[in-house]
Amino acid sequence: MSAVSEAADGPIEVIQVLFALHEGFGAQELCGPLEILSKAHHKINDPKTKAFECTFAAPSQGVTSSSGLTIKADIDLSTAHEDLKEYDVLIIPGGDGVENVLQQGSEPLDLIKAFAKLQISDPSKERTLMSIGTGSLLLAQTGILQGLAATTHPDYYTKMEIICKDAARRGDLEQTDVMEENYVVNNARFELGEKLEENPFVLSKRPDGRRKSIARKGSNAWKESVKRRESNARRASLRLGGLRLITSGGITSGLDASLYLVAAMVSHESAQEVARVMQYTWNKGVTVEGIDV
């Protein structure tokens, strides 16, 4: 499945993204990130160097959003499970249908758990799990947020805390830090550089004076991270085998988190260019844990 795009100096590996959809997903929670990823290129002025290839997985051939938008799935969820090793990124949109998924214990819950287990069993590959809006409630339900920090749509902070506490009781009692943030990144990878003040991913001071996280916001390029043996060893020592886990708030927070993903896996310059083309101001979130590579 690994796609390759052509550049002047040779082929560039394309990052494989799987969107796991459910009935009643949020249309903008899908379309916003999709638009950003589709505009990202490894080389800004070279359209042949696309950075991401996106695949839609759903429980049926056609899946409908809460606003009535119907998306044709590329693959069903059984195939998604079979091919899960092929994907670098799994994205879980929220939406009104999240409540039914929670009540029924249905997909994509098992897909989320399988993706997290895959990273634990094979930390040599850099993988990312990202939720948009209330999609983080599904991550919380699986228990994978234990011991980590996360956020969700502001209207659902309390519900998120309840789900996380229930998951902790079912698991090993580790709690989740539910943060009121734009987006929250766990297990980032980044190069600090010689001058921290020039690093676009470092937040040196919390604007509101509240308890700050480790305050790093970013990563080096994906293609460099997966090559480094020392990165693999450090990744394996982190929770979930170093799975980069990103949760975001509402719809625009999903845009911001997606731009972070572009910066983390492609380049900061590419993310800036996507934001410029879309005439969008990128608002940063926080990183709560990471490793230097």
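Student: What share of the contacts in the protein chain with a separation of 6 or more comes from residues 24 or more positions apart?

Tutor: In this predicted model, residues 24 or more positions apart account for 74% of those contacts. The protein chain has 10 helices and 16 strands, and 56% of its 293 residues count as buried.

Student: Why is S258 called buried?

Tutor: The relative accessible area of S258 is 0%. Buried means under 20%, so S258 is classed as buried.

Student: Where is S258 found, and which residues beyond its neighbours within four places in sequence is S258 in contact with?

Tutor: S258 is found in helix α9, residues 251–265. Leaving aside those neighbours, S258 is in contact with P33, I36, L37 and M130. S258 and E35 are 223 residues apart in sequence, while their C-alpha atoms are 9.4 Å apart in space.

Student: How is the packing of α9 and helix α10 described?

Tutor: Two packed helices are described by the angle between their axes and the distance between the axes. For α9 and α10 (residues 268–277), the axes come within 6 Å and cross at roughly 145°. The contact is made by L259, V262 and A263 of α9 together with H268, S270, A271, V274 and A275 of α10. By class, this contact has six nonpolar, two polar and no charged residues.

Student: Which residues have the most contacts inside the largest nonpolar core, and which element gives the most to this core?

Tutor: The largest nonpolar core has 38 residues, and those with the most contacts inside it are F19, L21, L37, F52, I91, Y260 and V262. Elements that each supply at least two residues of this core include β3 (15–20), α1 (27–39), α9 and α10. Helix α9 gives the most, with nine residues.

Student: Which residues does F52 touch, not counting residues up to four places away in sequence?

Tutor: F52 touches V14, I15, V17, L37, A40, L261, V262, M265 and V266. In soluble globular proteins, nonpolar side chains tend to be buried together.

How values were computed. Residues are numbered from 1 along each chain as its sequence is written. This is a predicted model: local features need pLDDT of at least 70, side-chain atom pairs count only at pLDDT 80 or more; totals for chains, interfaces and linings use all residues. Side-chain values use heavy atoms; hydrogens and water are left out. Buried means under 20% relative accessible area, exposed over 50%, partly exposed in between (1.4 Å probe, protein chains only). Contact means heavy atoms within 4.5 Å. Axes are lines fitted to C-alpha atoms, for helices over the stretch in contact, and angles run from 0 to 180 degrees between N-to-C directions. Ala, Val, Leu, Ile, Met, Phe, Trp, Tyr, Cys and Pro count as nonpolar, Asp, Glu, Lys and Arg as charged, and the others, Gly among them, as polar. A nonpolar core is a set of buried Ala, Val, Leu, Ile, Met, Phe, Trp, Tyr and Cys residues joined through side-chain atoms within 4.5 Å.
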